[in-house]
Amino acid sequence: MSAPKKLFIKTYGCQMNVYDSERMAEALGGQGYTETKSADEADMILLNTCHIREKAAEKVYSELGRFKKLKAQKPDLKIGVAGCVAQAEGQEIMRRQPLVDLVVGPQSYHRLPEMEAKTREGEKVLDTDFPEEDKFEQLKHRPKSKRGPTAFLTVQEGCDKFCAFCVVPYTRGAEVSRPADRILTEARDLVERGVREITLLGQNVNAYHGAGANGDLTLAQLIWELDKVEGLERIRFTTSHPNDMMDDLIEAHGTCKKLMPYLHLPVQAGSDKILKRMNRSHTAESYLRLIERIRAARPDILISGDFIVGFPEETEEDFQATLDLVEEVKYGTAYSFKYSTRPGTPAAERPQVDPVEADDRLQRLQALLTRQQREIQDSMVGREVGVLFEKPGRQAGQMLGKSDYLHAVHVADCNRQAGELARVRIVSSRTNSLAGELIG
Ligand code: 5AD
Ligand code: SF4
């Protein structure tokens with residue numbers, strides 16, 4: 001038998017890309033590939049790209065340029081580009097960077113094995129279709145290999161919202177939900193392999209409406225089905241849109257013990273004028289009322305958000321409305337970005353804000369968000385929380401894990417294993433983590 005071929009995957013961007021990279025590695029496992037952490041020893045290099053940040057495509061081209069020497073030394077090395085930049089750029093990638101053998105969009109990953117075989121015959125292959133068949137069904141899991149305690153599971157993909165700044169509806173396509181039975185089978189398989197916490201993924205996860213035995217299931221109904229999976233201890237989901245935050249999901253936050261008290265619910269901006277121009281179809285007020293209802297169901301829930309500053313035609317007054325909204329919500333974590341144009345999206349055509357002004361707003365917003373994040377983290381001191389241990393820490397006997405609220409927690413002199421869930425009292429708060437001690 002020939003020696004196994006080595007696959008090096010570099011993953012950029014969101015958690016869905018992390019999940020997709022695992023699936024791609026498994027699909028190519030069937031072609032005799034094992035993963036390596038070093039590009040130098042790879043027989044195939046795959047860049048799983050993200051298009052959400054500024055100059056994403058340019059960064060991919062410069063990364064590809066770095067493989068020139070490697071390819072010259074190793075003519076059999078195959079180089080592929082996957083993910084949202086692959087979808088957006090398509091053929092252009094091979095035209096600009098002839099060392100690329102394969103370009104594959106997110107909806108075609110199940111076709112990777114045949115694409116790889118073609119590259120071995122010297123062909124260049126491109127697949128950025130949105131095919132009819134169910135790619136998840138064909139991207140089977142590697143049988144029974146052991147896993148860490150946490151895993152992602154994609155339940156929904158794509159987006160029909162068309163926020164005026166965003167490329168996702170173009171790169172990931174229309175919103176599609178996976179059937180519930182397939183998700184449950186995958187979840188049980190993950191649990192058998194050691195997983196204790198599953199994060200359900202979707203660009204618009206709370207719009208989930210996958211087929212069940214008696215009609216479509218909502219995300220809350222899917223969560224209740226997962227709640228019955230023995231051995232699964234924790235459920236999370238991301239990313240949600242305010243408009244799809246249904247009553248049953250809000251209620252589940254109050255009643256489902258396995259559903260963790262953490263919700264990523266991006267608002268993007270606090271000015272109704274800007275929200276309208278972003279095509280967000282919610283107002284600052286409706287978002288605030290929604291947060292109120294969620295907190296009524298689960299008072300201790302930690303809210304996380306995404307923000308864009310310097311969106312076209314944002315005035316200082318509009319920006320002030322964002323700061324006001326942040327003051328009112330109090331975010332436990334948040335991601336904030338300066339608006340940058342994505343060719344082909346509606347906002348790219350509108351009058352842009354002075355970049356120096358936008359930088360200044362971003363700094364002011366981040367200062368406020370960092371302060372809130374720290375205050376909420378510090379408020380954990382003295383409290384008792386659940387911690388799922390993930391790995392040993394640097395010091396002997398120390399274990400690292402995540403609290404119910406997704407804070408990193410380390411516990412000294414801890415006679416626990418990765419995958420164990422424990423009650424922990426938080427004793428101190430540092431810049432990016434909490435220290436705790438086991439209870440009992
Ligand atoms: N400019 C800046 N930020 C953006 N995001 C998406 N598109 C853009 C853009 N063109 C941010 C949004 C989104 C997060 C994933 O990235 O806040 O929620
Ligand atoms: Fe993009 Fe999210 Fe808006 Fe969909 S809802 S267009 S993924 S920002």
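The residues of the shell around ligand 1 divide into 5 nonpolar, 2 polar and 4 charged in this predicted model. Ile52, Arg53, Phe165, Gln268, Asp306, Ile308, Phe337, Lys338, Tyr339, Ser340 and Arg342 surround the ligand.

Several polar atoms of the protein lie beside the ligand. An oxygen atom of ligand 1 and a polar side-chain atom of Asp306 are 2.6 Å apart. The side chain of Gln268 places an N or O atom 2.7 Å from an oxygen atom of the ligand. With Phe165 the backbone is involved instead: one of its polar backbone atoms is 3.0 Å from a nitrogen atom of ligand 1. Taken alone, ligand 1 exposes 400 Å², and the protein buries 88% of that area.

The description now turns to a sheet. Strands of a sheet pair through backbone hydrogen bonds, either parallel or antiparallel. Here, an open sheet of 3 strands is arranged in the order E7-E10-E13, with parallel pairing. Strand E7 (150–154) and strand E13 (234–238) are its edge strands, each pairing on one side only. From one strand to the next, the twist averages 25°. The parallel pairing of E7 with strand E10 (residues 197–201) extends over 5 bridges, and Leu153 has Leu200 in E10 as its bridge partner.

Helices lie across these strands. Helix H9 (residues 180–192) lies across E7 and E10 and runs at about 165° to E7. Helix H10 (residues 219–227) lies across E10 and E13, running at about 155° to E13.

Methods. Residues numbered from 1 in each chain as written. Chains lettered and ligands numbered in written order. Predicted model: local features only at pLDDT ≥ 70, side-chain atom pairs only at ≥ 80, totals over all residues. Heavy atoms only, no water. Pairing = 2+ DSSP bridges. Helix = DSSP H or I, 4+ residues; strand = E, 2+ residues; numbered from the N terminus. Axes fitted to C-alpha atoms, helices over the stretch in contact; angles between N-to-C directions. Contact = heavy atoms within 4.5 Å. Near = heavy atom within 4 Å. Polar contact = N/O pair within 3.5 Å; in protein donor to acceptor, adjacent residues only side chain to side chain. Areas by Shrake-Rupley, 256 points an atom, 1.4 Å probe, with all protein chains shown as cover. Nonpolar A, V, L, I, M, F, W, Y, C, P; charged D, E, K, R; others polar.
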